[in-house]
Protein chains: 2
Amino acid sequence: MALVLIIILGLLSVVYGVWATKSLMEADAGTPRMREIAGAIAEGAQAYLKRQYTTIAIVGAVIFVALIFLLSFAVAIGFLIGAVLSAAAGFIGMNVSVRANVRTAQAASKSLGAGLEIAFKSGAVTGMLVAGLALLGVAVYYSILRIIGFDPGDRTVIDALVALGFGASLISIFARLGGGIFTKGADVGGDLVGKVEAGIPEDDPRNPATIADNVGDNVGDCAGMAADLFETYAVTVVATMVLASIFFAGNALLPSLILYPLGICAICIVTSIAGTFFVKLPANQSIMGALYRGFGVSAALSLVGIAIVTALQVGFTTEYTTTTGTSFTGWDLYLCAVVGLVITGVIVVITEYYTGTGYRPVKSIAAASVTGHGTNVIQGLAISLEATALPALVIMVGIIVTYSLAGLFGIAIAVTAMLALAGFVVALDAFGPVTDNAGGIAEMSELPPEVRTSTDALDAVGNTTKAVTKGYAIGSAGLGALVLFAAYTSDLNHFIANASQYPYFANVKLDFSLANPYVVVGLLFGGMLPFLFGAMGMTAVGRCAGSIVEEVRRQFREKPGIMEGKDRPDYGRAVDLLTKAAIKEMIIPSLLPVLSPIVGYFIILAVAGKSEAFSAVGAMLLGVIVTGLFVALSMTSGGGAWDNAKKYIEDGHHGGKGSEAHKAAVTGDTVGDPYKDTAGPAVNPMIKITNIVALLLLAILAHSAG
Amino acid sequence: MALVLIIILGLLSVVYGVWATKSLMEADAGTPRMREIAGAIAEGAQAYLKRQYTTIAIVGAVIFVALIFLLSFAVAIGFLIGAVLSAAAGFIGMNVSVRANVRTAQAASKSLGAGLEIAFKSGAVTGMLVAGLALLGVAVYYSILRIIGFDPGDRTVIDALVALGFGASLISIFARLGGGIFTKGADVGGDLVGKVEAGIPEDDPRNPATIADNVGDNVGDCAGMAADLFETYAVTVVATMVLASIFFAGNALLPSLILYPLGICAICIVTSIAGTFFVKLPANQSIMGALYRGFGVSAALSLVGIAIVTALQVGFTTEYTTTTGTSFTGWDLYLCAVVGLVITGVIVVITEYYTGTGYRPVKSIAAASVTGHGTNVIQGLAISLEATALPALVIMVGIIVTYSLAGLFGIAIAVTAMLALAGFVVALDAFGPVTDNAGGIAEMSELPPEVRTSTDALDAVGNTTKAVTKGYAIGSAGLGALVLFAAYTSDLNHFIANASQYPYFANVKLDFSLANPYVVVGLLFGGMLPFLFGAMGMTAVGRCAGSIVEEVRRQFREKPGIMEGKDRPDYGRAVDLLTKAAIKEMIIPSLLPVLSPIVGYFIILAVAGKSEAFSAVGAMLLGVIVTGLFVALSMTSGGGAWDNAKKYIEDGHHGGKGSEAHKAAVTGDTVGDPYKDTAGPAVNPMIKITNIVALLLLAILAHSAG
């Protein structure tokens with residue numbers, strides 16, 4: 001019954017998506033020139049995604065078959081569902097986005113408010129689909145498994161849900177990284193050769209890389225981000241359900257508790273949709289104010305909605321006791337969910353402080369630009385390092401408070417509540433690439449400068465909301481670290497306790513104490529991964545940008561008419577070149593987190609033994625969080641701050657556009673690009689995939705002969 | 001008897017220092033103009049150090065008095081010895097360095113080999129004094145405590161040795177940070193306003209910041225580095241001794257085992273001195289080859305020397321069993337020492353690969369400079385992230401191998417052996433600022449360009465050896481993490497087991513399992529510190545550089561004759577301004593690691609209780625290592641690579657000096673400056689000080705009423 005309701009609420013997101021898309025498509029798509037440009041962007045984006053998904057499909061097919069043999073058909077199907085829905089969320093979101101961009105540009109030529117409405121509605125479609133499809137995927141597959149006769153706590157159910165998370169993670173890491181490399185290769189390369197060498201403005205139609213840059217916004221910031229949040233959402237819900245099934249194994253209350261996270265997610269889809277209707281530009285023209293209003297309404301309604309779900313699903317006064325002896329009431333769980341919402345709010349505020357144009361950090365980078373490129377970058381790096389401290393403290397407080405309330409399950413519920421608002425948060429984020437594109441289209445189709453001013457104002461807010469989403473996604477991973485680690489240890493303990501059934505685990509003794517050197521080695525190995533992964537991402541962007549620079553220079557050289565505006569650049573070649581390069585570059589780094597737990601396990605197994613290997617892999621899961629949290633936060637916030645420092649100067653401070661300070665700020669922005677849009681955000685799925693692979697490894701070993 | 005021999009060998013370093021200084025002073029100090037410049041540098045450096053030590057003395061006096069009351073007079077004296085000797089090593093080293101610089105410039109005007117000899121001998125004085133004074137401090141104070149009647153395993157002995165480490169750490173963090181801020185404030189500020197704005201070359205006498213830049217090399221790269229390595233050396237030896245006293249408490253073999261680390265250090269002072277005589281420029285003029293030869297001889301002799309010490313002090317076949325039940329022989333300990341030497345060698349090679357001009361990383365940054373400032377910085381950041389992986393893997397392998405051989409004590413012996421070569425490694429490093437200064441003096445006194453070519457060649461090697469030393473120092477901290485953590489847990493267990501004597505620890509239950517949320521919170525809190533600390537260091541450099549830019553601009557404006565070479569800039573004002581600024585900026589970040597364990601402990605104590613607070617602080621000690629290792633490695637290697645990428649271009653690649661690529665490389669070098677010389681290296685003492693303060697906190701709590 002509850003499941004049916006959850007599925008119905010999940011379907012609401014699809015209904016909203018269809019309705020919003022339809023109303024978007026009715027908006028004016030502008031002049032023929034604008035349509036032509038938007039068409040080129042859409043074509044490039046579709047071509048890229050097609051190629052990306054084809055490549056991932058090959059990797060996915062291998063894993064699918066492997067899972068059938070190593071585990072079971074039901075598990076492999078779970079993997080497939082996660083992968084397909086994640087890809088679908090990104091694909092649909094991107095398709096809406098490439099249609100909304102031109103309409104936003106057209107609407108912005110009327111008023112800022114109209115532009116905001118279109119852009120935000122387009123973002124909301126992506127947001128609701130991400131949350132809705134993730135919820136539906138988990139809920140529907142869980143229902144099917146139940147209907148065909150599995151118990152809620154059955155290993156196959158757990159493994160199938162974990163595999164669903166793995167499917168989502170796999171798409172996500174490829175999409176985040178591939179899309180990120182594409183978009184920043186285009187952006188950095190295009191800026192270098194256009195703005196710096198040829199001295200033409202951003203998005204100038206004479207720049208052969210300009211369409212590729214706009215394609216990149218859609219495949220990276222829209223489709224890539226959608227896959228990332230889909231994964232975060234799915235993995236969190238799955239981990240919470242797995243934890244419930246372990247902590248309440250054999251408990252009569254398990255069936256209702258296991259649905260509690262789904263219930264929270266379902267009601268928050270409704271509150272997120274409701275919130276979107278409150279995003280309207282206020283009289284003071286504050287875009288951030290409009291977005292905050294909608295977010296505030298969503299959050300407030302969620303407080304009420306989650307209270308209702310708590311009352312109906314788990315009961316405020318019911319006492320629960322886990323198999324490990326922790327006791328709590330429904331009321332405690334509700335408070336944990338409230339803490340999750342509060343953390344979301346606080347992280348939003350902190351990120352806005354660090355990346356918004358109105359506060360000290362961005363202003364300090366802008367001021368440092370006056371003394372040159374070097375000081376701009378130094379100050380930006382300083383801010384990026386500093387920006388990690390407050391979110392980390394918030395997460396630490398969150399861990400302590402929710403653990404005190406309801407133990408590990410309390411932490412899991414807090415993360416679930418945090419991510420339940422993903423629909424709205426993704427809407428805030430997916431709005432960014434639409435406005436960025438709209439600006440590009442306005443520039444290329446030579447609309448009046450006021451239009452560009454409007455889209456620039458929207459874009460500056462987009463930089464902040466993009467940083468906010470990333471901080472939120474990585475923050476939830478930080479808070480969820482213990483949940484994922486708990487899933488790993490609980491699984492291990494289950495297998496060890498039932499070693500007669502799972503002979504591989506006979507005589508395994510876990511020692512997760514920090515005094516165990518294998519734990520320290522695991523922490524260091526995990527800690528190394530985000531750095532190495534970040535290095536690969538940054539290098540890939542540098543290489544792609546370099547090849548774009550060569551290509552653009554070649555076009556300028558072979559067709560001198562381009563710069564005079566007489567000849568048309570070959571936009572398609574740049575898109576094609578980047579597509580191939582990005583796909584090639586994404587493979588190795590994406591496999592790093594997939595293979596690391598497996599390789600790490602077998603190396604320590606060979607050197608020391610099973611017990612040590614399991615301890616080291618467990619520690620590795622926390623190690624990857626401990627450094628990953630800081631690396632990701634610093635990269636995403638720092639990059640956002642650099643970008644907005646440039647915008648702040650362009651708004652007329654420190655000499656404005658064309659000044660020496662502006663040139664230094666452009667350098668900082670360029671450096672921040674791969675930080676905030678490639679390496680930084682890809683750390684998030686990387687952390688999750690390492691954890692999920694470790695869980696699957698356990699399942700596979702449990703299946704093995706021993 | 002063994003102690004007397006150890007002290008005699010320690011005194012050899014002082015003898016070497018006196019002899020080498022005397023032979024240095026006999027070298028030709030060049031023209032009057034050169035002497036005048038060198039005099040100005042020496043004066044500025046002395047003025048800075050005087051002010052820095054005065055400031056630290058105030059902090060130190062407060063702590064000294066506090067230690068008398070909180071612990072005992074013997075402990076406070078230990079603190080004083082550590083602080084005074086650390087300061088002395090830095091002070092003497094710097095004084096030799098400011099005399100060697102001008103003599104190196106003069107010698108380089110004759111031949112590269114002559115320049116190398118003077119510069120390296122000056123570095124060797126600092127190196128031997130660092131190792132010798134640290135060894136003497138520990139050995140002599142330990143002898144005194146023994147003579148006045150304390151047992152080797154007495155708490156007062158342990159506390160006094162820990163306090164000695166704390167004294168060294170405190171000087172070290174201030175000196176590293178203060179010196180780092182001074183040197184890079186001058187370097188960055190001077191470059192920005194000189195090279196970039198005024199278009200005059202580096203070290204041009206018309207630049208009012210140029211003397212300050214040279215002063216900075218001495219107070220930061222020489223005195224600051226000396227204090228850092230002194231601390232690393234002292235803390236490692238002390239931690240190993242503490243571990244011995246805990247692991248072999250009540251064992252008749254304790255007195256000989258506790259002297260084993262001192263014996264290793266003593267013999268390696270002899271082998272390091274011997275190695276210095278093999279540093280001679282070979283026929284192929286390879287400076288690095290000359291240094292490697294000396295290092296190779298030292299290392300090979302150390303293998304023999306440590307074998308002799310092992311035979312005499314612990315016996316190859318003697319069986320040892322710790323109180324925790326680990327058994328090993330003297331032969332196992334010898335192998336651990338060998339592993340320590342091998343790790344040192346491997347880290348040297350890896351660091352040279354990442355920072356030397358002959359390999360892919362530096363070349364890739366140079367190549368990326370062709371497409372502009374942005375790509376230079378992106379590639380530099382990518383390399384800096386990547387450069388962490390191999391050293392981290394080496395450390396992991398080291399932990400596993402040495403732990404398998406002889407448990408935690410084996411790891412401690414490996415770190416001891418690693419640091420026993422500090423004398424030679426510091427010599428490699430302290431040679432850097434001398435050659436850097438020599439180049440400056442050559443430029444300012446308008447010596448023929450060939451001289452500058454020679455000093456530049458020496459300087460490029462100096463950049464690599466500086467990165468090597470930092471990698472080595474932080475690598476030893478990574479390997480030593482478990483030792484320091486073991487000292488903390490062993491101490492705690494000792495207090496808990498004897499709660500009747502230490503009532504504060506009654507009913508404390510330790511749980512260092514990763515499944516404990518307070519452990520995760522501790523890991524995150526510790527993980528946050530290097531990021532926050534790095535942010536503060538970077539910001540401080542940015543601010544100081546900004547004030548230097550303002551000052552130089554003011555001088556250029558008020559005295560237009562400076563640029564025409566008719567008027568002399570006021571060098572003293574820039575030095576004075578930086579001195580004040582650096583001292584002010586160093587205080588808050590230096591207190592961060594001192595206060596964090598204390599504040600962290602009391603907050604968790606208030607929220608959750610003693611057991612949780614001790615677990616969280618313990619986890620914090622590992623957290624600070626896990627992120628600190630990577631942050632420090634990435635900053636020091638990345639910075640070195642950026643610097644040498646600039647040098648590589650200046651050698652005539654990608655257009656050479658004055659090309660657009662060169663400008664981009666200058667930006668990268670500027671960014672790398674605070675990375676490699678301020679924030680990065682200061683992370684090393686930061687890690688140690690956090691650990692030492694935690695140990696002292698335990699001692700103080702044990703002393704308290706409960």
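What follows are my entries, in the order in which I looked things up.

**Entry 1: ground rules**

I noted that this is a predicted model, in which local features need pLDDT of at least 70 and side-chain atom pairs count only at pLDDT 80 or more, while totals for chains, interfaces and linings use all residues. Residues are numbered from 1 along each chain as its sequence is written, chains are lettered from A and ligands numbered from 1 in the order in which they are written, and side-chain values use heavy atoms, with hydrogens and water left out.

I then looked up the confidence. pLDDT is the predictor's confidence in each residue, from 0 to 100. Chain A has a mean pLDDT of 91, and 100% of its residues reach 70 or more. The scores for the model are ipTM 0.94 and pTM 0.94.

**Entry 2: the two chains**

How are chain B and chain A related? I found that a rotation of 180° with 0.0 Å of shift along its axis superposes chain B on chain A, with an RMSD of 0.0 Å. That is the relation of a two-fold axis. The superposition is by least squares on the C-alpha atoms of residues with pLDDT of at least 70 in both copies.

I also asked which residue of chain B comes closest to the rotation axis. Ser513(B) does, with its C-alpha at 2.1 Å. The copies meet through the same surface, because 100% of the interface residues of chain B are also interface residues in chain A.

**Entry 3: aromatic rings**

Next I looked for ring pairs.

Tyr504(B) is buried at 9%, and Phe505(B) is buried at 0%.

In chain B, the charged end of Lys610(B) sits over the ring of Tyr504(B), 3.9 Å from its centre.

**Entry 4: salt bridges**

I counted a salt bridge when a side-chain nitrogen of Lys or Arg lies within 4 Å of a carboxyl oxygen of Asp or Glu. The whole structure has 58 of them over all chains.

One joins Lys184(A) and Asp673(A), whose closest N and O atoms are 3.5 Å apart. This pair links distant parts of the chain, with Lys184(A) in helix α5 (residues 155–198) and Asp673(A) in helix α19 (residues 660–703) of chain A, 489 residues apart. Helices here are DSSP runs (H or I, at least four residues), numbered from the N terminus. Lys184(A) is buried at 2%, and Asp673(A) is buried at 1%.

I then turned to chain B. Arg155(B) and Asp159(B) form a salt bridge at 3.4 Å, N to O. They are separated by about one helical turn, because they are four residues apart in helix α5 of chain B. Arg155(B) is buried at 15%, as is Asp159(B) at 8%.

Lys566(B) and Glu564(B) also meet in a salt bridge, at 3.1 Å from N to O. Both Lys566(B) and Glu564(B) are exposed.

**Entry 5: a loop residue**

Where is Ile562(B) found? It is in the loop between α15 (517–558) and α16 (571–607) of chain B. Ile562(B) is buried, at 0% relative accessible area. Taking contact as heavy atoms within 4.5 Å, and leaving out residues up to four places away in sequence, I found that Ile562(B) touches residues including Arg206(B), Gln555(B) and Phe556(B).

Note on methods
Buried means under 20% relative accessible area, exposed over 50%, partly exposed in between (1.4 Å probe, protein chains only). A charge sits over a ring if NZ of Lys or CZ of Arg is within 6 Å of the ring centre and within 35 degrees of the ring normal. Helices (H or I, at least four residues) and strands (E, at least two) are DSSP runs, numbered from the N terminus.
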